[in-house]
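Keep the viewer open while you read.

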Amino acid sequence: MTAIPLGVPRRLVEFTIDGQEARVPEGSTILDACRAAGKDVPTLCHGDTLTPKNACRVCVVEVEGSRTLVPACSRRAEPGMTVHTETERARHSRKLVLELLASSVDLSTTPQVAGWIKEYEAKPDRFGPEAARLNEEPRIDNDLYVRDYDKCILCYKCVDACGDQWQNTFAISVAGRGFDARIAVEHDAPLTDSACVYCGNCIEVCPTGALSFKSEFDMREAGTWDESKQTETTTVCAYCGVGCNLTLHVQDNEIVKVTSPHDNPVTHGNLCIKGRFGYQHVQNRG
Amino acid sequence: MDLHFGDSKPTDDERAAVDALLGPPESSWEGADRSDADLRWARGGREARDRRDLLLPGLHAINDRVGWISEGALDYLCRRLTVPPAEAYGVATFYAMFSVKPRPATVLHVCTDLACAAAGAPELCAGIEARLGPGVHVERSPCLGLCERAPAALAIRAGDPVRTAVSAPATVEGAVLAATAPDSAPEEPPAAMAVPQAGGDDLILLRRVGVVDPLSLDDYRAHGGYTALRRAFELGPAGVIREVTDSGLVGRGGAAFPTGRKWQATASQPDHPHYVVCNADESEPGTFKDRVLMEGDPYALIESMTIAAYATGAHQGYLYLRGEYPRALHRLEHAIAQARARGLLGDDVLGQGYAFDIEIRRGAGAYICGEETALFNSIEGYRGEPRSKPPFPVEKGLFGKPTVENNVETLVNVLPILTMGAPAYAAIGTERSTGPKLFCVSGSVERPGIYELPFGATLGELLELAGVRERLRAVLLGGAAGGFVRPDERDIPLTFEGTREAGTTLGSGVVMAFDDTVPLPRLLLRIAEFFRDESCGQCVPCRVGTVRQEEALHRIVARTGAAAADDIALLRDVGRAMRDASICGLGQTAWNAVESAIDRLGAYE
């Protein structure tokens, strides 16, 4: 059982989604309301533990009176708002966003995106074989994790998690501009020369696998990564007394990676280097 | 906040450049030698962090002194301001005028944008590169805002002090001279040369350009300067806002939002302090009116900002000036210093007990920083990426406080509103577009420059005034973010509602004429290239969409009719998503000009 923190009582906002009456607590986003109403709005850059960045624009919906489409993940519901989630206009933009992304980035390890590409009939190939892509080699400069910018959709979640929203280390930021913008540490140096403290909280929030455990990366390369064979066990970290929850991902009786439950009121999914990466001693059976 | 600094050290020059801006460091925590006191306490962290907004001026200081920003220099600046180096690196690499890789001290920016491209920029670039050795870095630049004198080049030589020289209209010899000997390059022509109507009796906004000495406060006052501010003090803040509202003034930067409503909304915010920001980041290709106003009549802008601040309850103003305008910078710096010395800025403006001062912030080559919220981020020392709205700037703007942001032309309109009164001002122009309007006319015309006309004049009248040449092929209204119209559409009234009815936009008042010697597909390609270069990269529709747009235009550059149909369909699909789903106006308008060229001009038929 996880504890649910109780906030102060909030007023309800009444508005309509796709013709249906919706009532959500004040401050809720359109996306919250959609999910409460059982509607599926695709999201890529949205993170449950972070302030919405609304950079990917795949969750756009139509709000009457608004000149452009609005991102459901960050726009707060207002009384009397009329929202349409499934108009041709909204679907067109979602389809194009999926096409634009899939034509420039490797989305093979992004959950759910294959389903959306099918649902929206997106055809990323139609920009031709010459369409600009990143085409960068994965950066492997330490034993803990790998940065594969070919899979990066620039959602800024790792930047926010490393910065003022969780870790306060500020080791990564976006550098460059436009299509050439990249997540980078200072001076675009190797991670080992940067301010990184290897907490792995950026991996925790990365939605596409652009940041991954070295263990997962190696197993994927070797073709031995198999999530269907993995079990997940949530336990308490034994290193110190804070009481962070760890979820051990185990495949073939080996721990292959460690995550943390996002609804845990202590960590909200965040860990330190020990909790995240210090598991080898458990399996030193020699 | 964990801060990690590498072991790279600044050179003496770099250290001196930063210290000249921030003062000498006080403790070893920010780069001074360790003293006894440092062993007992650590000072500076929070105080220094509050000066994060000095990051951009700091980057300028280093870049101006050395020509590029080294690791050691960046780390030293970060230490002084307690800014994480990764973030500062992200900011430094955002702006086109900075380099984090070594380059020569002299950079020659050669404009390759629309007016200059039509006037032979590609040949100019080739000629310059053939003549200049490795000592000068030649940079193909987006619009330098010198369209009336196209083609244009701007040389910047790092040093103490930094030297700049402009060559426009540029020849290979002129540009090479500017780059190799900026001190002996010929003086730029006076700003009034860009105003063909200069000295005319019926001018309102341009009345003083060419008439007044831009360096003399006394001359400005002798020509009616500071009467509007006196009137503002008579009316009181609410009275000023009433006049501005009644005048019907709307923003001249392109969005046409009612200025009075914006001021009222800011003035009524309970949160304090309030800020006034003047958007002088004029980077729209084809736009140069704000430069001419600032160079020719700088005190007018200082006075209007003071009035805006008084009306909205602000005591601090920021003037965000694009980095490519060295002469405007010098004139405004001089004007602000003079105004301060004479009690027209400072603690007691005009002896009325009202405090207001202005700080100039220099942009560093990023079109997106003309977007109001991106501009706030830029001033605050972050990457110039637009914020999502709501909340709007009147509620949470600069430093998260209520902010009124207006562009230069909008602000300068406030002076005649107060001196002639709202009813007389509103009588100029049409019912819904009131007052005078500045137009930047360039391209295939005999007399390119800034024209002032009352709203409601037609496109044909304006082109006639500027001496349009024979065989006109297309007219671009509103700049790269605007749209093309046909040469026979000269009846379009130049008002916000008139252009809207005609299915186009007035934008920032750009009118670029192109005759049939200018290859249209090349022009469209340049527009696409501009947007691809200037996209901040934050949202997917714009970051990738502008690239796909440029690729499609490359593919069809020599094709027409059915052969181009599939790529035109692709462009429409991408363009629609960019317009609908991008975060800000850059992505939303990136497809306008190309679309209008296809639909109105039949560019690929």
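## What counts as a pocket

On a 1 Å grid over the protein atoms alone, a pocket is an open set of points with protein on both sides within 12 Å along at least five of seven lines, whereas a cavity is a set where a 1.4 Å probe fits but cannot get out; lining residues have an atom within 4 Å of a point.

A word on the ground rules: this is a predicted model, where local features need pLDDT of at least 70 and side-chain atom pairs count only at pLDDT 80 or more, while totals for chains, interfaces and linings use all residues. Residues are numbered from 1 along each chain as its sequence is written, chains are lettered from A and ligands numbered from 1 in the order in which they are written, and side-chain values use heavy atoms, with hydrogens and water left out.

## The second largest pocket

The lining of the second largest pocket takes in 38 residues, and the ones nearest its centre are K53(A), D160(A), D164(A), N377(B) and Y382(B). Two or more lining residues come from each of α4 (157–162) and β7 (173–175) in chain A, and α5 (85–92) and α15 (372–380) in chain B. Helices here are DSSP runs (H or I, at least four residues), strands are E runs of at least two, and both are numbered from the N terminus. With three residues, α15(B) gives the largest share of the lining.

By type, the lining splits into 15 nonpolar, twelve polar and eleven charged residues. Nonpolar covers Ala, Val, Leu, Ile, Met, Phe, Trp, Tyr, Cys and Pro, charged covers Asp, Glu, Lys and Arg, and the others, Gly among them, are polar.

## Two helices in chain B

Now look at α13 (residues 298–312) and α14 (residues 326–341) of chain B, which pack at about 55° with their axes 9 Å apart. Axes are lines fitted to C-alpha atoms, for helices over the stretch in contact, and angles run from 0 to 180 degrees between N-to-C directions.

In the contact (heavy atoms within 4.5 Å), P298(B), Y299(B), L301(B) and I302(B) of α13(B) meet a set of α14(B) residues including R331(B), L332(B) and H334(B). The contact residues are eight nonpolar, two polar and one charged.

Two cis peptide bonds are worth a look. One runs from D160(B) to P161(B), with omega near 5°, and P161(B) sits in the loop between β3 (153–157) and β4 (163–167) of chain B. Another joins H272(B) to P273(B), with omega near 0°; P273(B) is in the loop between α11 (259–267) and β5 (274–280) of chain B.

Over in chain A, D188(A) is not a glycine, yet has a positive phi of about 55°.
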